[in-house]
Amino acid sequence: AMVPVVFLLIATIVAAVASYWALVQSERTIEDLKFSDQAMQQATMLQGDIDFVLSQVNVTAVWLSLRPNWRSEATRAEFSIFTQTIIDRAAGMRGLTWVPIVTDSGDRNRLELQADRQVSEFLGK
């Protein structure tokens, strides 16, 4: 009479452990699915931001190429205004900077003097 009771007790313990293990596995699977879903949403949002920024950088490059007077201060100010709309719309974008590629030493000197003057004005000197 004792053997069936012990057997029943062991079977109950085995069933409880198996049920617990199945529950833990199920919870892990649910957490993995939640994480994967959140990661996919973040990746999609980031890809959208990257695509937007790249398209706007291309638009900016075209905009600059249509301005033969890119050396002027007015164009630099227009660049700031033009790019601010990009920065405002792209959550991950912190800024776009005016950094012209200069191959002519005369252009370099003119741009350096322009930058020095603007820094002095900004600092109130």
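W63 is buried, with a relative accessible area of 12%; buried here means under 20% relative accessible area, exposed over 50% and partly exposed in between, for a 1.4 Å probe and protein chains only. The structure is a predicted model, in which local features need pLDDT of at least 70, side-chain atom pairs count only at pLDDT 80 or more, and totals for chains, interfaces and linings use all residues. Residues are numbered from 1 along each chain as its sequence is written, and side-chain values use heavy atoms, with hydrogens and water left out.

The ring centres of W63 and F82 are 4.7 Å apart and the planes meet at 5°, so the pair is stacked. For this label, rings of Phe, Tyr and Trp (its six-membered ring) must have centres within 6.5 Å; planes under 30 degrees apart count as stacked, over 60 as edge-to-face and the rest as tilted. Because W63 lies in helix α1 and F82 in helix α2 (residues 73-89), the pair ties together parts that are 19 residues apart in sequence. Helices are DSSP runs (H or I, at least four residues), numbered from the N terminus. F82 counts as partly exposed, at 24% relative accessibility.

Two threonines come next. T60 is found in helix α1 (residues 2-65) and, at 6% relative accessibility, counts as buried. Its side chain reaches the backbone oxygen of Q56 at 2.7 Å, which is a polar contact (a pair of N or O atoms within 3.5 Å; within protein, one must be able to donate a hydrogen and the other to accept it, and residues adjacent in sequence count only if both atoms are side-chain atoms). Leaving aside residues up to four places away in sequence, T60 touches F79, F82, T83 and I86, where contact means heavy atoms within 4.5 Å. T83, found in helix α2, is buried at 2% relative accessibility. The side chain of T83 reaches the backbone oxygen of F79 at 2.8 Å. With residues up to four places away in sequence not counted, T83 touches T60 and L96.

A pocket is, on a 1 Å grid over the protein atoms alone, an open set of points where a 1.4 Å probe fits, with protein on both sides within 12 Å along at least five of seven lines; lining residues have an atom within 4 Å of a point. The lining of the largest pocket comprises 13 residues, of which T60, L64, F79, T97 and V99 lie nearest its centre. Helices α1 and α2 each supply at least two residues of this lining, and the largest share, four residues, comes from α1. The lining divides into 10 nonpolar, three polar and no charged residues.

The second largest pocket has about 170 Å³ of space. R76, W98, V99, P100, V102, R108, L111, E112 and A115 line the second largest pocket, and the largest share of that lining, four residues, comes from helix α3 (residues 105-123). Here the division is six nonpolar, no polar and three charged residues.

Helix α3 also contains R110. At 45% relative accessibility, R110 counts as partly exposed. The C-alpha atoms of R110 and F79 are separated by 18 Å, with the two residues 31 apart along the chain.

Conventions:
Ala, Val, Leu, Ile, Met, Phe, Trp, Tyr, Cys and Pro count as nonpolar, Asp, Glu, Lys and Arg as charged, and the others, Gly among them, as polar. Grid points are joined across faces, edges and corners, and a volume is the space filled by probe spheres set on the points.
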